[in-house]
Amino acid sequence: MKKTRALLPLGEFEMLVLLAILQAGDGAYGSAILEQVHQRGGRSVARGALYVTLERLDAKGYVASRTEAGPPVRGGRPRRYYTVRPTGLALLRRSLEALGRMREGLELGLKHS
Amino acid sequence: MTRPPRAAAWLLERVLPRGARDAAIGDLNEEFAAVVRDAGSAPARRWYWIQTFSLIRAFAAEGRPRPAALGEISVRPGGDTMTQDLRYALRALRRSPAFTLIAIAVLAIGIGATSAIFSFVDGVLLRPLPYREPDRIVFLWERPPGGSRNVISTLNYLDWQQQNQVFESISAGTSASMTMAANGEVSQVRASRVSAGYFRVYGVATTLGRAFSPGEDQPGKNNVVVLSYRFWQQRFGGDPGIVGRTIALDREPCVVIGVLPAGSPFDRGSSQLWRPLAFGPGELTRDYHWLRAIARLKPGITLEAARANMDAIAARISRDYPASNKDWGITIDRLPDVLVDPTLRRSLEVLLAGVGLLLVLGCTNLANLALARGTAREREVVVCAALGASRGRIVRQFLTESVLLSAAGGALGLASGYMMMRGLQLLLPSYYLPREAVIAMDWRAFAFAAGLAIGTGLLFGLAPAFHAGRVDLAGSMRASSRTATADRSRRRLRDVLVIAEIAVSCLLLAGATLLVRSFLQMRGVDVARDPDRLLTAGLLTPDSRFSHPDQARAFFRTVLERVQGIPGVTAAALTAGLPLEGWPDGMPLRFAESNARGGAGFKSISPSYFNTLGLPLLRGRGLTDQDRKGTTPVIVVNDAFAKRYFENQDPLGKHVLIQEIVPGQRRLGPEIPWQIVGVVANERTNGLSPQGSRGVYSSIEQTPMYGLSLVLRASGDPSFLVAPLKAAIHEIDPEQPVTDIRTVAAIKDEFVAPDRLRTWLFGVFSAIALLLAAVGIYGVMSYSVAQRTHEIGVRAALGASRGRIVGLVIRHAALLTGVGLAIGMAAAIAATRWMTALLFGVQPRDPVSLGVAALLLATVSLVAAYVPARRAARIDPIHALRVD
């Protein structure tokens with residue numbers, strides 16, 4: 001089990017997924033999250049990786065999920081909506097802060113991109 | 001609406017963990033709908049599959065335990081042992097790539113060949129017939145006195161049709177070549193004329209348009225035609241507007257009313273199109289037999305009931321028309337019972353048995369290899385056992401390896417089997433398999449190959465597995481394991497395996513030599529003198545072409561004259577039937593002098609026929625140009641005829657009463673008293689056997705025919721005659737088709753093609769078997785020499801000569817070979833009787849064939865043993881004794 005004292009308590013992909021859930025807001029179910037990662041992340045990720053990560057985040061208690069009925073085209077299978085729980089949010093914040101501190105004072109040519 | 005691929009959904013349903021499953025599949029379905037909208041259904045399905053694999057891979061990786069080290073096999077109890085087994089097996093196989101490759105190759109060839117042959121057995125013998133309730137379809141024949149099956153005369157058929165109470169529908173038919181004019185192109189097509197009920201009997205509906213309606217087989221209403229799907233595709237490019245179009249068949253306009261379904265038996269049969277059979281006034285006869293009939297039994301009617309009903313009808317006809325029908329009956333066969341010719345059935349059975357034996361042999365060999373490998377892996381097993389792996393666990397580990405190998409072999413085998421199947425299909429003449437046979441590699445062949453793969457894996461894996469399980473811990477832990485008891489029993493087991501290999505090879509080799517001998521006998525039969533110098537061609541003519549027999553006489557006289565004038569032609573003849581194509585007519589006959597009855601084949605020929613073919617005249621004279629219309633009717637009989645009817649008498653000068661064959665009509669004329677003027681050697685008409693079938697020859701001047709074939713003898717290469725021949729015929733009549741141009745040698749080649757293929761296949765099987773047996777002997781002997789290095793060194797040190805040491809090894813091999821041969825020969829003698837139907841001119845226990853097989857096998861195995869024996873003889877005693 002990872003210690004929460006680690007400098008980056010979340011993996012890169014976990015951060016991406018949590019951010020995507022936040023970006024998707026109320027409509028954060030699998031396809032929408034995938035779409036967020038795809039659009040904002042600028043590249044497509046393997047579907048399998050996303051679902052496995054969602055399962056893992058759920059098991060660790062970083063996200064919560066609820067199911068609701070979806071449109072008929074789903075063949076009667078419900079949509080599962082995710083929200084980020086306070087623990088998850090705190091870890092995300094810590095990770096981003098750590099990254100931010102590491103970045104401070106460096107230009108990295110970021111302004112041009 | 002396009003649905004997601006069912007198989008992918010099925011997979012996901014089973015692979016994904018419960019919690020994630022519904023949402024993930026639902027998302028996928030929802031996105032799928034969008035992809036279908038944007039990209040179309042085929043790309044969307046592909047997309048769905050890619051997503052499916054992404055999910056499966058990710059979840060599988062998530063659930064996988066950390067890599068297991070060798071010792072963990074038993075250290076970690078429980079857990080996913082199946083995965084562990086597999087991963088460990090993979091690693092073990094990767095460590096010995098040579099063994100792995102050989103094993104997979106042997107299995108791929110074995111499983112491939114077996115699946116390929118199985119696909120034929122399945123298609124021809126096992127698969128249900130592609131008709132609705134095929135058990136209700138029957139073939140009907142007339143049964144002549146003393147015979148069993150004969151084609152049917154028109155009036156008899158019509159009586160059957162009207163009087164029977166047992167058939168739902170009944171149909172008569174006959175096949176013919178027709179000229180077709182369509183799309184401004186004239187060509188010959190293969191057609192059938194059938195009663196309107198024909199397709200109802202088979203229970204086949206058209207895919208376009210309709211089949212014949214009742215009543216369309218009446219004169220004046222029959223200008224309609226149904227096409228096979230394949231013909232529609234090939235000749236009309238699948239034109240969707242074909243129904244309603246008019247094409248000319250034998251110059252009569254016919255409306256296309258329907259197209260049969262794709263892939264139906266009618267695509268594989270010889271006919272390309274079907275017209276209703278309407279009987280003309282000249283065809284309403286009772287003594288001219290020319291029709292074939294099929295019928296569909298009413299529901300609930302048994303074959304016995306149908307036979308009783310038809311027997312009663314036959315008795316009535318026989319009573320009412322004794323002149324033509326005295327003692328004639330009716331034979332009924334169920335379609336499934338007669339579809340497959342017994343020789344074909346036996347061929348397939350023998351081939352499947354052969355290829356199955358080969359697979360067993362391959363497995364034995366692999367077991368042998370695996371045993372040898374087991375020795376090398378003893379230490380590894382010991383370590384596992386020492387770390388606490390149970391015996392069952394080790395056995396299972398070994399079995400996993402072999403099943404893994406055979407799974408790979410099976411997958412490759414399916415691919416190689418498919419290629420072999422396609423290859424065989426190309427090599428087989430099209431008429432060889434019944435048109436109902438669908439030859440394909442589908443789930444049935446797949447299931448068969450998968451079953452074989454698992455079975456073979458267990459078969460060749462069991463022996464090494466149990467040996468691994470019985471490893472002697474203490475013995476093997478010692479530095480030298482040479483004396484371990486497991487070793488001795490393993491050696492004994494390998495001896496037994498080699499004996500089995502030799503026995504099985506012996507069986508296969510005996511079968512192959514028999515078939516080869518039989519085929520050589522067939523090849524040695526000369527159908528005619530120098531058959532590759534004899535060019536033949538068909539001159540098809542529709543019945544309507546000549547209005548009077550004299551026109552035909554004149555036409556064919558001109559043809560013969562012109563053709564004889566072609567430079568390079570040394571002889572030419574016309575005939576109603578070529579060699580190996582049967583007798584054109586079978587005629588009942590009566591002897592004028594004794595009033596005895598009989599029957600014989602009847603063939604019209606030009607007088608030059610015997611000379612052109614090189615058939616020697618045995619007695620009397622041949623036919624001459626003086627035997628023409630108006631002179632005494634004469635025939636030449638063949639040797640079989642003379643022997644059958646004139647055993648101790650002189651046939652010359654005797655008279656045979658045979659009814660006149662009227663050209664272009666379905667009737668017979670009055671009896672003609674034919675005088676026998678000569679006896680000719682038996683022509684190979686129906687088969688290669690020299691006994692021949694009895695027949696008589698009449699001159700085409702006295703028995704004119706409308707459709708004849710040409711035979712030319714060339715002074716050199718007959719292929720140079722093709723163009724001049726066509727030119728000569730077209731000079732006489734530009735519209736006369738010249739078909740099937742080939743040599744008599746080619747006719748025979750085609751006749752024996754199935755035999756050649758079968759012989760080749762069996763020959764290849766047995767060559768592989770021989771190779772495998774040699775490898776087996778070589779392996780066992782090398783191993784035994786390596787194991788006995790120490791002992792041989794001692795013997796050499798004590799003064800044993802090289803010859804003695806070679807003898808030591810060879811004796812061992814000779815013992816194994818001898819025992820194997822004895823078992824194999826006993827099996828061969830018992831089993832080859834089963835092949836009798838496939839043999840020509842060779843007895844199933846032919847001592848030459850069996851002797852050749854035994855000698856070949858003995859030689860090969862001794863040569864294989866000699867190499868390790870030489871190695872043994874070169875062992876340097878000093879070196880051998882210094883090792884440990």
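Guide: Take one pair to start: B:Leu140 has B:Ala293 as its bridge partner, and B:Ala293 sits in strand 10 of chain B. The model is predicted, so local features need pLDDT of at least 70, side-chain atom pairs count only at pLDDT 80 or more, and totals for chains, interfaces and linings use all residues. Residues are numbered from 1 along each chain as its sequence is written, with chains lettered from A and ligands numbered from 1 in the order in which they are written.

Visitor: Which strands pair with strand 10 of chain B over four bridges, and in which sense?
Guide: Strand 1 (residues 137-143) of chain B does, in the antiparallel sense. Strands are DSSP runs of E with at least two residues, helices are runs of H or I with at least four, and both are numbered from the N terminus. Two strands pair if DSSP finds at least two bridges between them.

Visitor: And what joins strand 2 of chain B to strand 10 of chain B?
Guide: Two bridges, with the strands running antiparallel; strand 2 covers residues 152-153. There, B:Ser153 is opposite B:His289.

Visitor: How many bridges for strand 3 of chain B with strand 10?
Guide: Six, again antiparallel, and strand 3 spans residues 167-182. B:Phe167 faces B:Leu297 of strand 10 in chain B.

Visitor: Why is strand 10 of chain B largely enclosed?
Guide: Seven of its nine residues (289-297) are buried, so the rest of the structure largely encloses strand 10 of chain B. Buried means 20 or more other C-beta atoms within 10 Å of a residue's own, exposed means 12 or fewer, and partly exposed is in between, with C-beta atoms placed from the backbone.

Visitor: Where is B:Leu284?
Guide: B:Leu284 is in the loop between strand 9 (273-276) and strand 10 of chain B. It is partly exposed, because 14 other C-beta atoms lie within 10 Å.

Visitor: What does B:Leu284 touch?
Guide: Leaving out residues up to four places away in sequence, B:Leu284 touches B:Thr154, B:Leu155 and B:Phe279. Contact means C-beta atoms, placed from the backbone, within 7 Å.

Visitor: Switching topic. How many residues does each chain give to the contact?
Guide: Chain B gives 19 residues and chain A gives 20. On the chain B side, helix 2 supplies the largest share, 12 residues.

Visitor: What about chain A itself, which pattern does it follow?
Guide: Along the sequence it reads α-α-α-β-β-α. Of its 113 residues, 34% are buried.

Technical notes: Contact = placed C-beta atoms within 7 Å.
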